[in-house]
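Here is a short report on one protein structure. Look at the sequence and the model first, then read on.

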Amino acid sequence: TTLYYDGSCPLCRAEIGHYRREDDTGALAFVDVSDTDAPLPSGLTRQHAMKRFHVLEGNGQLLSGAAAFVSLWRRLPRWRWAARVAALPGVSTALELGYRLFLPARPFISRRFGTIERLSRLTFPKKPQ
């Protein structure tokens with residue numbers, strides 16, 4: 001299973017970092033589509049990949065938006081409960097609607113998140129190991 005995410009987005013990077021840490025088995029591949037050399041699957045343009053979260057399943061099916069998140073959650077033991085909730089009638093439709101409502105606000109939220117992230121590094125620098 002391969003995840004395609006916008007690595008130029010501080011919010012997206014943080015979320016993907018969380019999922020990387022949750023992937024204890026190393027079953028997931030992560031592709032930063034903001035890297036112009038990153039390979040993309042057939043049918044996915046870089047422009048579209050930068051706008052929405054995508055997952056390419058092992059069977060070759062490309063999922064986008066809420067369906068991609070549900071696919072990801074199914075593969076992470078501590079997130080399977082969310083995938084089960086998403087399988088309830090109407091929930092996946094509501095998740096996709098919420099995702100579509102979130103997308104126009106993502107640039108603003110991401111900028112604010114990036115600012116907070118930078119300030120926290122200045123205020124709480126990492127200690128040398």
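## Buried or exposed

A residue is buried when its relative accessible area is under 20%, exposed when that area is over 50%, and partly exposed in between. R74 has a relative accessible area of 44%, so R74 is partly exposed. Keep these cut-offs in mind for the residues below. The model is predicted.

## The largest pocket

Start with the open space. The largest pocket has a volume of about 240 Å³. Of the 18 residues that line this pocket, C12, E15, F53, F69 and Y99 are the closest to its centre.

Which elements supply at least two residues of the lining? They are β1 (2–5), α1 (10–22), α2 (46–51), α3 (66–74) and α5 (91–102). Helix α1 gives the most, with five residues. Sorted by class, the lining has 14 nonpolar residues, four charged residues and no polar ones.

## Aromatic rings

A pair of aromatic rings is described by the distance of the centres and the angle of the planes. The whole structure holds seven aromatic pairs. Take F69 and Y99. Their ring centres are 5.7 Å apart and their planes meet at 65 degrees, so the pair is edge-to-face. This pair links distant parts of the chain: F69 sits in helix α3 and Y99 in helix α5, 30 residues apart. Both F69 and Y99 are buried.

Now compare W73 and W79. Why is this pair called stacked? The ring centres of W73 and W79 lie 5.9 Å apart and the planes are at 20 degrees, and planes under 30 degrees apart count as stacked. W73 has a relative accessible area of 12%, so W73 is buried. W79 has 21%, so W79 is partly exposed. Y19, F53, F69, W73, W79, W81, Y99 and F102 form one aromatic cluster.

## Salt bridges across the chain

Side chains of opposite charge can pair when their charged atoms come close. The count here is seven salt bridges. In one of them, R106 pairs with D6, and the closest N and O atoms are 3.0 Å apart. R106 lies in helix α6 (residues 106–123), and D6 lies in the loop between β1 and α1, so the pair ties together parts that are 100 residues apart in sequence. R106 is buried at 16% relative accessible area. D6 is buried too, at 7%.

E96 and R52 also meet in a salt bridge, at 2.8 Å from N to O. E96 belongs to helix α5, while R52 is in the loop between α2 and β3 (54–56), 44 residues apart. Are these two buried or exposed? E96 counts as buried at 15% relative accessibility. R52 is buried as well, with a relative accessible area of 14%.

E57 forms a salt bridge with R74, with the closest N and O atoms 4.0 Å apart. The two are 17 residues apart: E57 is in the loop between β3 and β4 (62–64), and R74 is in helix α3. R74 is partly exposed at 44%.

Some salt bridges share partners. In this way E22, D24 and R78 are joined into one network.

Notes
Residues are numbered from 1 along each chain as its sequence is written. This is a predicted model: local features need pLDDT of at least 70, side-chain atom pairs count only at pLDDT 80 or more; totals for chains, interfaces and linings use all residues. Side-chain values use heavy atoms; hydrogens and water are left out. On a 1 Å grid over the protein atoms alone, a cavity is a set of points where a 1.4 Å probe fits but cannot get out, and a pocket is an open set with protein on both sides within 12 Å along at least five of seven lines; lining residues have an atom within 4 Å of a point. Grid points are joined across faces, edges and corners, and a volume is the space filled by probe spheres set on the points. Helices (H or I, at least four residues) and strands (E, at least two) are DSSP runs, numbered from the N terminus. Ala, Val, Leu, Ile, Met, Phe, Trp, Tyr, Cys and Pro count as nonpolar, Asp, Glu, Lys and Arg as charged, and the others, Gly among them, as polar. Rings of Phe, Tyr and Trp (its six-membered ring) pair if their centres lie within 6.5 Å; planes under 30 degrees apart count as stacked, over 60 as edge-to-face and the rest as tilted. Buried means under 20% relative accessible area, exposed over 50%, partly exposed in between (1.4 Å probe, protein chains only). A salt bridge is a side-chain nitrogen of Lys or Arg within 4 Å of a carboxyl oxygen of Asp or Glu.
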